[in-house]
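Trainee: Could we go through how the helices pack here, and why each pairing gets the label it does?
Mentor: Happy to; let's take the pairs one by one.

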Amino acid sequence: MSDIANPEKSFDASVTREGAWFWAERGVWLGTIAFAVSVVGTELLRLESLRVLAVLSLLGAAVLAVVAWRETQWSSAFPAERPTVSVAPRFSITQRRLSITLLAGAVCLSALSHVAFLATPRAPFGAAGWLWVVAIALVIAAAARQSSAQPPRDSGVEGLSAWSWWEVTIVASITVLALALRVSNLRDVPFNIYPDEVMTGLVAERAYLSGPSPAPSLFSTLWSDIDLPALWFAIVAGALKLGGVTLATVRLPAALFGAATVLPFYGLVRGVWGRVAGIAGASVMAFSAVNVHYSRMALSNITTPFFWTVCFFFLTRGLRSRKPADWTLAGLAAGISEHFYYGTRLLPFILISFVVYLLVFHCIEAKRYVTQLGWLLLGYLIGFGPLLSYFLTHPGLYYGRGAGLMTWNRIPVTWHDLRQMWTTLWPIMSENLLGISTHSAQDIMYFAPLLLAAEAALLVLGVALLVWRWRHPAAFLLLLSGLGVLLVGGTLVLYPNSAPPMPAHWTPAFPAFYAAIAVPIGAWFGCAKIGVPGRRRWITTAVVLLGLTVLAYTNIDFYFHKYYADPESLRNARYKAAQKLYEVQTVQSRYMASVGPAYRVVVVGQSPYPYDAEITRYLVPGQEYIMIRDPLKELSLDRVADRGLAFLFFPGSEQYRDLIREHYPSGMEGEIHNPVGRHVFYTFVVKPDVIRSDSQQR
């Protein structure tokens with residue numbers, strides 16, 4: 001009756017309730033607006049005259065994302081205290097004694113592996129290698145025993161229920177997709193053959209297949225002036241021995257590492273932000289063009305994201321569980337990563353900074369992890385193994401390469417130093433930021449921006465949420481790793497006469513990028529799932545699936561159908577000239593492989609481009625190559641039955657085409673272009689049956 005008597009009051013109450021509901025559901029509508037504004041800002045970055053507006057739009061989108069999703073629930077970083085469950089004293093004492101025995105054995109064997117290595121530093125594997133492997137196994141067993149002896153705790157993790165069959169099916173499908181996108185047609189995609197890919201195979205061959213005995217130690221470095229740890233080349237050599245010396249085989253190990261990263265990455269994201277974020281992040285990692293590309297190159301850069309992801313997964317899980325096994329596995333992943341790409345040498349600083357962060361901002365909880373930190377350190381040292389002794393006996397080798405490429409190598413102590421540092425580093429940093437979505441990479445390995453516009457827009461929102469929730473250890477760890485890599489690998493370390501951005505140095509930060517992309521997707525889905533009525537919740541799932549499908553199609557279509565290593569996209573003159581050379585060498589070698597060993601390839605006249613026989617060997621075995629610099633004097637070729645002739649005419653030698661045509665009137669003319677249609681050289685092919693008939697007539 002009061003409502004009827006006071007219709008104005010009733011209307012106000014209704015408006016208040018609707019307004020409260022509308023604001024409570026801001027995660028859906030305001031989050032969508034934030035994404036749209038971020039996309040617009042990302043697109044505006046392409047217009048230099050509107051970059052100020054673009055930056056303001058991105059900052060506005062970041063603020064909107066924080067307002068929309070600041071109350072989104074994340075999993076607890078630390079376990080909730082719970083009364084311990086009584087354990088039989090005899091069982092507990094037995095477990096502890098066994099754990100201590102295994103731990104002591106691991107430490108002793110690890111120390112002996114260093115002694116054995118220093119005694120026989122040239123042994124390929126030897127006693128040092130076996131002691132290293134057994135020490136790793138023992139420390140894992142010791143940590144597992146210690147973990148099982150601990151009373152159960154409440155993890156305090158909300159929403160982390162047991163895996164369901166549909167979740168296992170989805171993760172398995174994502175993994176299969178990641179593997180298929182990385183191993184299919186490795187020989188021909190990417191079309192461009194970066195010389196370091198073939199050099200990786202050559203170093204592996206000479207060290208472990210065809211070189212002098214004994215082979216180099218696995219606990220050393222190979223490739224003069226590059227000095228990469230030998231274990232990577234041993235893995236490549238194993239692949240070449242099993243699959244033959246081909247371009248696809250030398251690219252295979254990197255492809256497998258790239259695909260395998262999806263699994264620990266899903267576990268990392270799921271453990272903090274839930275299933276939907278994990279599925280979204282793992283999917284983007286699986287089909288992202290830049291990740292697929294570096295996984296399909298025969299370089300060790302893509303191994304670092306794998307080991308860092310494993311390390312971060314066990315580290316964040318160890319914070320929740322306090323189990324020594326998790327901390328030990330995190331340390332082992334960090335230590336073993338030292339055997340691969342030298343970008344991982346930033347990881348010790350990241351882990352130390354993370355520990356300091358815990359001690360400063362989570363001091364009460366951190367005091368309970370002193371023992372776990374010991375397991376982390378022990379795992380790292382054991383995983384590093386005798387390679388640590390190698391670096392200690394070769395001072396300057398560990399950080400020497402990076403230190404020699406520093407763009408700024410001192411701490412500013414005066415105002416002049418500060419200004420000079422800013423004028424030196426800011427242009428590099430700004431180009432790196434633009435390289436995320438706008439400017440093409442300049443590292444002569446990848447020839448496109450890092451991310452698509454929509455992915456970059458999500459990255460902005462995700463970084464904003466991580467910054468807002470920086471007190472959560474997982475958020476801080478991802479920010480620390482991502483920004484640390486961009487600062488050191490992308491800004492402070494740069495090749496002479498090169499230009500940023502250089503995503504090849506950013507690969508360790510890939511997990512942080514994709515996790516940041518996943519966070520807003522998970523936040524939006526969580527808000528929509530709560531706000532949308534039960535019968536319509538399928539709409540939120542459909543929207544996420546549709547968005548991921550569009551991103552997948554766009555990435556796959558771009559990389560496998562439109563991507564090309566275009567020299568014209570490079571700003572540095574030396575890099576552009578080098579890529580033009582690589583392009584011609586690749587086109588020539590791929591053409592020679594297409595005609596096969598049944599043809600002898602003859603370059604007529606003076607070629608302006610040096611021929612790389614090793615690239616051709618990795619594409620086709622037994623290809624005969626002949627160069628006739630002066631056709632008027634050297635044209636006579638011995639006819640070989642069952643072997644045709646393929647004449648190549650590079651720019652500047654086209655005048656000899658008539659001469660060859662007169663000599664072989666039954667041949668066929670052709671023209672070879674690069675994948676984007678630019679002319680490279682002319683051809684004149686004489687089939688083997690024509691050569692055979694000519695030989696019989698003679």
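**Helix pairs and their labels**

Mentor: In this predicted model, helix 7 and helix 12 cross in a left-handed sense.

Trainee: Why are helix 7 and helix 12 called roughly parallel to each other?

Mentor: Helix 7 (residues 165-183) and helix 12 (residues 275-287) pack at about 15°, with axes 8 Å apart. Angles under 35 degrees count as roughly parallel, and therefore that is the label for helix 7 and helix 12.

Trainee: Which residues of helix 7 and helix 12 make the contact?

Mentor: Helix 7 contributes Trp 166, Glu 167, Ile 170, Ile 174, Ala 178, Leu 181 and Arg 182. From helix 12 come Arg 275, Ile 279, Ala 282, Ser 283, Met 285, Ala 286 and Phe 287. By class, the contact of helix 7 with helix 12 has ten nonpolar, one polar and three charged residues.

Trainee: What makes helix 22 oblique to helix 23?

Mentor: Helix 22 (residues 453-468) packs against helix 23 at about 125°, their axes 8 Å apart. Roughly perpendicular covers 65 to 115 degrees and roughly antiparallel needs over 145, so helix 22 is oblique to helix 23. The crossing of this pair is left-handed.

Definitions and conventions. Residues are numbered from 1 along each chain as its sequence is written. This is a predicted model: local features need pLDDT of at least 70, side-chain atom pairs count only at pLDDT 80 or more; totals for chains, interfaces and linings use all residues. Side-chain values use heavy atoms; hydrogens and water are left out. Axes are lines fitted to C-alpha atoms, for helices over the stretch in contact, and angles run from 0 to 180 degrees between N-to-C directions. Helices (H or I, at least four residues) and strands (E, at least two) are DSSP runs, numbered from the N terminus. A crossing is left-handed if the near helix is turned anticlockwise from the far one by less than a right angle, and right-handed if clockwise. Contact means heavy atoms within 4.5 Å. Ala, Val, Leu, Ile, Met, Phe, Trp, Tyr, Cys and Pro count as nonpolar, Asp, Glu, Lys and Arg as charged, and the others, Gly among them, as polar.
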